[in-house]
Amino acid sequence: MVRGATQGAAWRLPRRRLAERLAEAGVKDARVLEAMASVPRHELVPEALRSRAYQDAALPIGDGQTISAPSRVAIMSEALELEGSETVLEVGTGSGYQAAILSRLASRVISIERLPGLAARARRALDRLGISNVVVHFGDGTAGRPADAPFDAIAVTAGGPAVPQPLLDQLAPGGRLVGPFGERGRQDLLRYRRAASGAITVEDLGPCRFVDLIGEHGFSA
Ligand code: SAM
């Protein structure tokens with residue numbers, strides 16, 4: 001779903017190397033590694049930072065926000081356990097990079113960004129890349145998208161005090177929600193699962209640090 005012409009040949013090798021480093025670091029899902037090796041991250045970072053696009057680092061994207069480090073995107077994507085047919089909700093579009101990765105792993109991606117400038121920029125970038133199965137909405141993602149629910153998987157890409165209840169409510173039976181929750185600037189990456197019975201379980205995937213999830217069911221601005 002990524003248009004070939006926009007993938008400059010010069011970036012192919014660094015991107016492939018990035019995927020190899022992620023595999024060495026423990027990412028196992030072959031579809032995730034293939035997505036990391038094919039989505040042109042350099043198209044989604046500010047032009048002045050393109051030379052750093054395939055380093056494993058978060059980079060500033062304006063409005064005080066960041067594009068997450070590739071390893072973080074890979075780990076979260078892998079934790080969602082996608083097989084290809086799912087509808088996924090992403091909270092925190094940012095640059096659109098994680099949405100672009102998810103577009104290759106699932107059937108449909110609905111992404112919400114609370115900052116209108118970032119939402120518009122990500123929408124343009126994803127269009128430019130020819131990615132047609134991602135819809136970007138502007139708004140408070142802590143409320144989810146009742147109109148598009150239930151979701152087979154939900155990725156929350158900003159750190160909130162606790163998992164927003166509306167997101168758990170919009171998780172389909174068998175669904176997974178992955179996101180960073182805890183104190184400001186110091187969270188744990190948590191994976192919630194809704195069993196077919198409706199029961200919710202949670203696993204701790206380790207410590208992490210994300211920008212704030214701001215909204216009705218997040219931190220206040
Ligand atoms: N997934 C992004 C990417 O690949 O570039 C990384 C996003 S950045 C770490 C987190 C994003 O979440 C920021 O763009 C921020 O504005 C957004 N955000 C924070 N609170 C939000 C909310 N309540 N609803 C939607 N987006 C939110």
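This is a predicted model: local features need pLDDT of at least 70, side-chain atom pairs count only at pLDDT 80 or more; totals for chains, interfaces and linings use all residues.
How many bridges join S8 to strand S9, residues 200–208? The number is 7, and S8 and S9 run antiparallel.

Residues are numbered from 1 along each chain as its sequence is written, and side-chain values use heavy atoms, with hydrogens and water left out.

Confidence comes first. pLDDT is the predictor's confidence in each residue, on a scale from 0 to 100. Its mean over the chain is 95, and 97% of the residues reach 70 or more. Over residues 1–7, however, pLDDT stays under 50, and for that stretch the model has 24 contacts beyond four places in sequence; a contact means heavy atoms within 4.5 Å.

Next, the overall architecture. The chain holds 6 helices and 9 strands. These are DSSP runs numbered from the N terminus: helices are H or I over at least four residues, and strands are E over at least two. The chain is as compact as a globular protein of 221 residues, because its radius of gyration is 16 Å, close to the 17 Å from the globule rule. That radius is taken over C-alpha atoms, and the rule is 2.2 Å times the number of residues to the power 0.38. Along the principal axes, the C-alpha atoms fill a box of roughly 50 × 35 × 30 Å.

I now return to the strands. Two strands pair if DSSP finds at least two bridges between them. S7 (residues 171–183) pairs with S8 (residues 186–194) in the antiparallel sense over 8 bridges. Glu 183 stands opposite Arg 186 in S8. The hairpin of S7 and S8 has 2 residues between the strands, and Gly 185 there takes a positive phi near 80°. In the hairpin of S8 and S9, 5 residues lie between the strands, and Gly 198 in the turn has a positive phi of about 100°. Tyr 192 has Val 202 in S9 as its bridge partner.

Two loops deserve mention. Asp 63, in the loop between S1 (59–62) and S2 (65–67), has a positive phi of about 55° although it is not a glycine. In the loop between S5 (134–138) and S6 (151–156) we find Pro 150, which is joined to Ala 149 by a cis peptide bond with omega of about 5°.

Finally, the ligand. It is surrounded by 28 residues, the closest being Ser 95, Gln 98, Glu 113, Gly 141 and Ile 214; a residue counts as near if one of its heavy atoms lies within 4 Å. A polar side-chain atom of Asp 140 lies 3.0 Å from a nitrogen atom of the ligand.

Terms used: A polar contact is a pair of N or O atoms within 3.5 Å; within protein, one must be able to donate a hydrogen and the other to accept it, and residues adjacent in sequence count only if both atoms are side-chain atoms.
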